[in-house]
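I opened this model to note how the chains are built and how they meet. My entries follow in the order in which I looked things up.

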Amino acid sequence: MSVGLEHYVILSAVLFAIGLYGALAKRNAIAIMLSIEIMLNAVNIAMVAFSRFITPLLLTGQVFAIFIMVVAAAEAAVGVAIIIAIYRGRGTIDPTEINLTKW
Amino acid sequence: MGLDIAFWILAVVGVLAALAVVTLRDIFRAALALILCFLTVAGIYITLSADFLAAVQILVYVGAISILIILGIMLTREVQRGSLTNKFRIPAFIVAALFLGAVAYALFSTTWQVSTVAPLAPTTQALAGKLFGEDGFILSVEIAAVLLLAAILGAIVLVREK
């Protein structure tokens, strides 16, 4: 059986599930950011695979993937800045100990 | 046939690298595994004949975002404590497995209308037409520019010394 749409979408779902597990189970804010990046990449694979196999000449999925990359870059910059700011103020980046907005 | 072999190699290496990211205790090694995962995703784009996106993936993810994350690791000296798991490890695993099952069920119970048309070979010109041409995504491009500017300013303000 040659590689088709299902293979790519399953690969994307596996990567997304791994990222989801990491984002929920990690105790280090940087590790959570790494997991979120894996999830964004998984979504991009699904976008490009649907664009390749359903509408090969329209490229709409690839345009969406480019915008996801833009948002991911902005998210990484702001996320690292927030983590560094929290580390400066509190000396830890353990999300279970960061309870500034909890009451 | 060559594409199939390339897909399987890239898929296995990518999934193993992603597993290494979430299981390694050393956060710096996890970041290096993440770079390997980004590289395999770029290879996956090439097997999908998305050449421009593969180049953008190398430039933006492998080149910029990974450096940013490694910089964050260096500036937050949590390397000694490592990247441990919290008390939600088993519920998180169950949630991830349920998600994977739901997606697989939805995927295999849907009949996809797969097109047999060959994909565009160089996609750069067509993507430029999509992004900047008539009836394209030019408004989204402008909004993305504003978003990036806001993100840069926000990052500078957040990490500025008092």
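At roughly what angle do the axes of helix H1 of chain A and helix H1 of chain B cross? I found that the axes of H1(A), residues 5–25, and H1(B), residues 2–23, come within 9 Å and cross at roughly 10°, where axes are lines fitted to C-alpha atoms, for helices over the stretch in contact, and angles run from 0 to 180 degrees between N-to-C directions. That makes H1(A) roughly parallel to H1(B), since angles under 35 degrees count as roughly parallel, over 145 as roughly antiparallel, 65 to 115 as roughly perpendicular and the rest as oblique. I listed the residues of this contact (C-beta atoms, placed from the backbone, within 7 Å): His7(A), Leu11(A), Val14(A), Leu15(A), Ile18(A), Tyr21(A) and Gly22(A) meet Phe7(B), Ala11(B), Gly14(B), Val15(B), Ala18(B), Leu19(B), Val21(B) and Val22(B). By class, the contact of H1(A) with H1(B) has 12 nonpolar, 3 polar and no charged residues; Ala, Val, Leu, Ile, Met, Phe, Trp, Tyr, Cys and Pro count as nonpolar, Asp, Glu, Lys and Arg as charged, and the others, Gly among them, as polar.

I noted the ground rules next. This is a predicted model, in which local features need pLDDT of at least 70, side-chain atom pairs count only at pLDDT 80 or more, and totals for chains, interfaces and linings use all residues. Residues are numbered from 1 along each chain as its sequence is written, while chains are lettered from A and ligands numbered from 1 in the order in which they are written.

For confidence, I read an ipTM of 0.91 and a pTM of 0.91 for the complex. Chain B has a mean pLDDT of 89, with 96% of its residues at 70 or more, pLDDT being the predictor's confidence in each residue, from 0 to 100.

The C-alpha atoms of chain A fill a box of roughly 50 × 25 × 20 Å along the principal axes. Of its 103 residues, 54% are buried, meaning that 20 or more other C-beta atoms lie within 10 Å of their own, with exposed set at 12 or fewer and partly exposed in between, all C-beta atoms being placed from the backbone.

I then looked at the whole contact of the two chains, to which chain A gives 61 residues and chain B 75 residues. H1, H2 (29–53) and H3 (60–90) of chain A each supply at least two residues of the side that touches chain B, and the largest share, 19 residues, comes from H3(A). By class, that side of chain A has 46 nonpolar, 10 polar and 5 charged residues.

Last, I looked at backbone angles. Most residues other than glycine have a negative phi. Leu59(A), however, has a positive phi of about 65°; Leu59(A) lies in the loop between H2 and H3 of chain A and counts as buried, with 25 C-beta neighbours inside 10 Å. Ser49(B) also has a positive phi, near 55°, and sits in the loop between H2 and H3 of chain B, where Ser49(B) is partly exposed, with 18 other C-beta atoms within 10 Å.

Note on methods. Helix = DSSP H or I, 4+ residues; strand = E, 2+ residues; numbered from the N terminus.
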